[in-house]
Amino acid sequence: MKFNLARLRPLLTGSVVVTILAVTGLVVRPLEAPAWDWVRARQPALKLDSIQGALGQGLTVGLLGGFRAIVADFFWIQTHSVWEDRDLPATQTFIKLVTAIDPRPLFFWINGSRMIAYDMPNWRIVDSGGYNAVPQAKQRLIDEEQATIALNYLKEAFNYHPDSALLHVEVANIYLNRLKDKTNAAEAYRRAALLPNGPFYAGRIYAELLRKLGRKQEAYDWLKQTYTKLPKSVNRSLGISEFTVDSAMAPVVLERIRELEEELNLAEEKRFVP
Amino acid sequence: MNVAPVPPSLPHAAITITGLTKDFSINLRGVKLRAVDNLTLAVPEGQVFGLLGPNGSGKSTTIKIILGLLEPTVGECQVFGVPSGRVDSRLNVGYLPEAPYFYRYLSGTELVRFYGRICGVPKARLADRVREVIDWVGLSAAAHRRVGTYSKGMLQRIGLAQALVHDPRLIILDEPTAGVDPVGSAEISELILKLKTQGKTVLITSHLLAQIEDICDRVAILDRGKLILEGAVAELVGRQDQQALIVDTLPASELEELRGWLTARGHTLSAVEQPRTRLDQLFLNKISRSPKNGGQA
Amino acid sequence: MSTAKRSVPFSLSRLGIVAGNTFLEAVRQKLFNFLLLLAVALVASAQLFREFNFGSSELKFIADFGFGAMVFFGSILTIAATAQLFFSEIENRTALTLLAKPIWRTEFIFGKLLGVFAVVGVFCALTTGLLLALIYNRETALIEAHPEAFEAGRLIHYGDLLMMGVLQWLKFGVLAAITLLVASFSNTNLFTVVMGFFMLVICHLQYLARDAYSHVTALPLRLLVQGLGYVFPNFQVFNLADQIGIGQGIDPMVFVRVGGYALTYIAVFGALAVYSFSQREI
C-alpha cells in the first residue's frame, strides 16, 4: 500500500500545488481586478493584425508581454533614422507602425504628422527635380496630398486623445501653413483654445484669423470673453506662475481689443472696460 | 570542551534503528532500489561506533535517515528517543558529511560561526566557542582564510569544527578519512578518540574497514543494505584461543629449546614471524610528524 | 546541554541567518558586478537620446528604456540568482550539512527567498535611484532649454517613479518565489532557469487566456482557459511604467492593491516551495 502511495506522491504534490494556486487566484481576484482594470483602461487595445507582419513573432510576444512603450520607442528611433535618409515609404510605414504599437504618447502623433505634412512634400519635390523644375501647381498638389494624409493621421489620434489641445493646434497649423485654409485653421485653433489645457496663443491666433477673414465682430467678442479669464498677475497659491502670466499676454490681448474697437468704429460707451 | 553530563547507567542508546527499510525509485515506472533492508541497530551512548561496508552498502542512506534528511520507507529511527524526522532530534547531533564542501566564499571562522548561529549557540558565547573548536581541530592559523582555499584534510577538520560548535552529544562522521593522506587520517583518528574521552558518542562510517578498526568500540557491517555483522571490535577480531609473544630475535638453538619447553607443557608454537610495522606508521615515522596534538578544548 | 526532548520552534532569526548568508554569497560571488555594466548602458543610452532632439519627450525615452532595462535584466537576475543560490546548496551538498542542523525546511526555503529578495531589492534600488537621478538631471536641463514645454511644472512624477521601483521589486519577489518552487522539485539548475523563464512568459501573457475565455464555446476548453487565468498570477498588473513616461500618475490605491497582490503570491509560492521541498530527498 505504502509503495503505491509513494509512487503517486509527485502527482499528488502537483495537484495540491495547482489547486492551491487556483484557490489563491480566486481569493486575490478582488485585489487584482480593480488594479488590472485601471492598468487596462490605460492600455489601448493592440491592433495586432496591422503590426504583426512588420514585427515578427519575437517582438509581438514582447508587445503582448507588456513591453509596448519600449518597442514603440525603438521603432521611433528607426523612424528617425529612415527620416534622416529621406526614405518616404519607410518613414510613412514606421510612423504608422509606432502609433499602432503605442498610441498613447502625443509626441509620436505630433512629430509623425509633421514629418508627413512638412518634410515629405519637400522630399517629393526634390525627388521630382527640385523646386525650380516642378511647376507651382504640381507643388501645390503635392502639399495638399501630404497635408490630407497628415490630417487623416491626426484624425486617428483623436480616438486616443480626444481632449488634447495640442492635436487641435497641430491640425490648425497644417490647415494654415500647408493648405492656406484660414477658415478650417481658425476652427481648429478655437477648439484648442476652448480645452482646459489649451495654450493661450491658440485663442489669440483664432481671433487674428477671424480678423483676417473679415469676421471682426466675432473676433472682438471672442477676445473680450477671453480677456476676462486671462491670468494677469502671479499667484502661486492658484498655480499661476510668471511664465503663465507671460504666455497669457493679457496686455497684448487688450491691445488687439482696442484695435478692433477702432476698426469696428465702436462708440466710447460701448467699448470694453477691463 | 564542555562535556555534557552523561548518565552513569551506560550504555543508553544514542541511536535506535528498528526494522528500517529504504527504497528509492530509480525510474518513472516505479522500479525500486532497496538501499537499506530491514535494519535494526542500536548505537550505545559514549562509544565510537563504526558503520562499515563496501560502497553502496547503505551506510550513507542510513545516516541521512538518522539526520532526518530522508524518510524511511518502513521502520523507524530515533535519536536520543526522538523520532529522526523531527527537527528537535538534531539538537544534539553534529554531522560531518562525506567529502564535505562548504561555502567557499566564507572564511573558516565565518563558516563555523554561521553554523553556530544556526544551532542556536548563545551570542555571548559564540565568538569564544568558534575560536575554541577551530583551535581544537588545529586550524587556528588558517581560520581567516577563505574555505575555498582549504586542502581536503583542512576541509575535513573545518567540517569537524562546524559539527562540534554547538557541543553535541552525538557526532556523525561520514567517511571522515576518505581521500585524506595518512597524516590527516591519523590526526582525525586522534580527534575522534579525544571525543570519546569527553563522553561523546561517535558514529563513523568507512569503507576502509581496517582504517577505523583501531578506534571503534563497536562496529556494524552492512552489505547491500543488510546488516551482516554487529558487535564489539575486540570480540569480533580477537582470537580468544591464541596469544602472541613478541621478543628480541632468538638464535635457532634457543628457539628450538623454547619449542621443546612449550611442547613439554602441552602447547604448540604455531608460527615464528618477523613483526612488521604498518606502512602508514612507517610513513609517519619517516616524515617525523606524529599526529598533531589537538589541544584541549 | 539539556536532555533531548526540547522542541524547536520556528525561528525568524534562523531564517534571517540563512537569508544573510544567501545575500553574502551573491555579493562575494560578484553577482552584482553586472549592475555596473547596466549602469553604464543606462547612462550611455540616456546620452544617445540627446542626439535625437526629442525635446521634453526625451524624458519618456529615458524612462521607458530605463524601466525596460530594469524589467529585462531584473527578470534575468531574479531567475538566475534564485536558481543559482538554491542549487549551489544542493549541488555542493552544503544543504546536507545545513539541514542536518536543528533547522526547519521552512526556514531554509524562506531564508533563501528572503536572501534573493534582498539581492533583487538592491538591484531595484540602485537602478531606480540611477534612473531617477538621470531623469531629474535631464528634466532640469530641458526646463531651462524649453520652458514652454514645462508650463505646468515638471512632467515626471518622481514619487511614481519610486512606486514603480517598489512594484518591480515586488514582482521580482513573486518571480523568485515561483523559481524557488520550480527549484524545490527540479533536479538541475538549467531546468529551473528554463522553467522560470517559461513561467515568466506565461504570467505575462495569462491575461490573453482570460480575454479569450469569453470567446471559447467548448466547455472543457473554456474551463481550462479559465483555470489558467486563476492558476498563474497576472504580471501585467505591475506594468505601470508606461504611465510615467507619458507624464501620467499612478493611482496610490492601485499601488496598494498591486503590492498586496504581490505579497500574497510571494507567501503562497514560498509556502508551496516549502511543501514541495519537504518531500524532497536530499
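**Chain architecture and helix packing in a predicted model**

A:Leu194 is partly exposed, because 13 other C-beta atoms lie within 10 Å, a count between the 12 or fewer of an exposed residue and the 20 or more of a buried one. The model is predicted. A:Leu194 belongs to helix H9 of chain A, which covers residues 182–194. In sequence, A:Leu194 and A:Ala165 are 29 residues apart. In space, their C-alpha atoms are 8.3 Å apart.

A second residue of chain A was examined in the same terms. A:Ile77 lies in helix H4 of chain A. A:Ile77 has 18 other C-beta atoms within 10 Å and is therefore partly exposed. A separation of 48 residues along the chain divides A:Ile77 from A:Ile125. Their C-alpha atoms are separated by 25 Å.

Chain A as a whole is helical in its assigned elements. Chain A contains 13 helices and zero strands. Its elements, read from the N terminus, run α-α-α-α-α-α-α-α-α-α-α-α-α. The C-alpha trace spans about 110 × 60 × 25 Å along the principal axes of chain A. The radius of gyration of chain A is 28 Å, whereas a compact globule of 274 residues would have one near 19 Å. Of the 274 residues in chain A, 34% are buried. Contacts in chain A between residues at least 6 apart in sequence include 51% that join residues at least 24 apart.

Within chain A, one helix pair was examined in detail. Helix H6 comprises residues 106–127 and helix H8 comprises residues 165–178. The axes of these two helices of chain A come within 10 Å. They cross at roughly 5°. H6(A) and H8(A) are therefore roughly parallel to each other, because angles under 35 degrees fall in that class. On the H6(A) side, the meeting residues are A:Leu106, A:Trp109, A:Ile110, A:Ser113 and A:Ala117. On the H8(A) side, they are A:Leu166, A:Leu167, A:Glu170, A:Ile174 and A:Arg178. The contact of H6(A) with H8(A) has seven nonpolar residues, one polar residue and two charged residues.

Chain C is also built from helices. Ten helices and zero strands are assigned to chain C. From the N terminus on, the order of elements in chain C is α-α-α-α-α-α-α-α-α-α. Its C-alpha atoms fill a box of roughly 80 × 55 × 35 Å along the principal axes. Buried residues account for 51% of the 282 residues of chain C. Among contacts in chain C between residues at least 6 apart in sequence, those joining residues at least 24 apart make up 83%.

Chain B includes strands as well as helices. Its secondary structure comprises nine helices and ten strands. Chain B spans about 70 × 50 × 45 Å along its principal axes, taken over the C-alpha trace. Of the 297 residues in chain B, 41% are buried. For contacts in chain B with a separation of 6 or more, 69% come from residues 24 or more positions apart.

Chains A and C share an interface. Here, 34 residues of chain A are in contact with 36 residues of chain C. On the side of chain A that touches chain C, helix H1 (2–41), helix H4 (68–84) and helix H12 (242–248) of chain A each supply at least two residues. H1(A) gives the largest share of that side, 18 residues. By class, the side of chain A that touches chain C has 20 nonpolar, eight polar and six charged residues.

One helix pair spans this pair of chains. The axes of H4(A) and helix H3 of chain C, residues 58–91, come within 9 Å. Their crossing angle is roughly 125°. H4(A) and H3(C) are therefore oblique to each other. Their crossing is left-handed. From H4(A), the contact takes A:Ala69, A:Ile70 and A:Asp73. From H3(C), it takes C:Phe61, C:Asp64, C:Phe65 and C:Gly68. The residues in the contact of H4(A) with H3(C) comprise four nonpolar, one polar and two charged.

Definitions and conventions: Residues numbered from 1 in each chain as written. Chains lettered and ligands numbered in written order. Predicted model: local features only at pLDDT ≥ 70, side-chain atom pairs only at ≥ 80, totals over all residues. Contact = placed C-beta atoms within 7 Å. Helix = DSSP H or I, 4+ residues; strand = E, 2+ residues; numbered from the N terminus. Nonpolar A, V, L, I, M, F, W, Y, C, P; charged D, E, K, R; others polar. Axes fitted to C-alpha atoms, helices over the stretch in contact; angles between N-to-C directions. Parallel < 35°, antiparallel > 145°, perpendicular 65-115°, else oblique. Left-handed = near helix turned anticlockwise from the far one by under 90°. Rg over C-alpha atoms; globule rule 2.2 N^0.38 Å.
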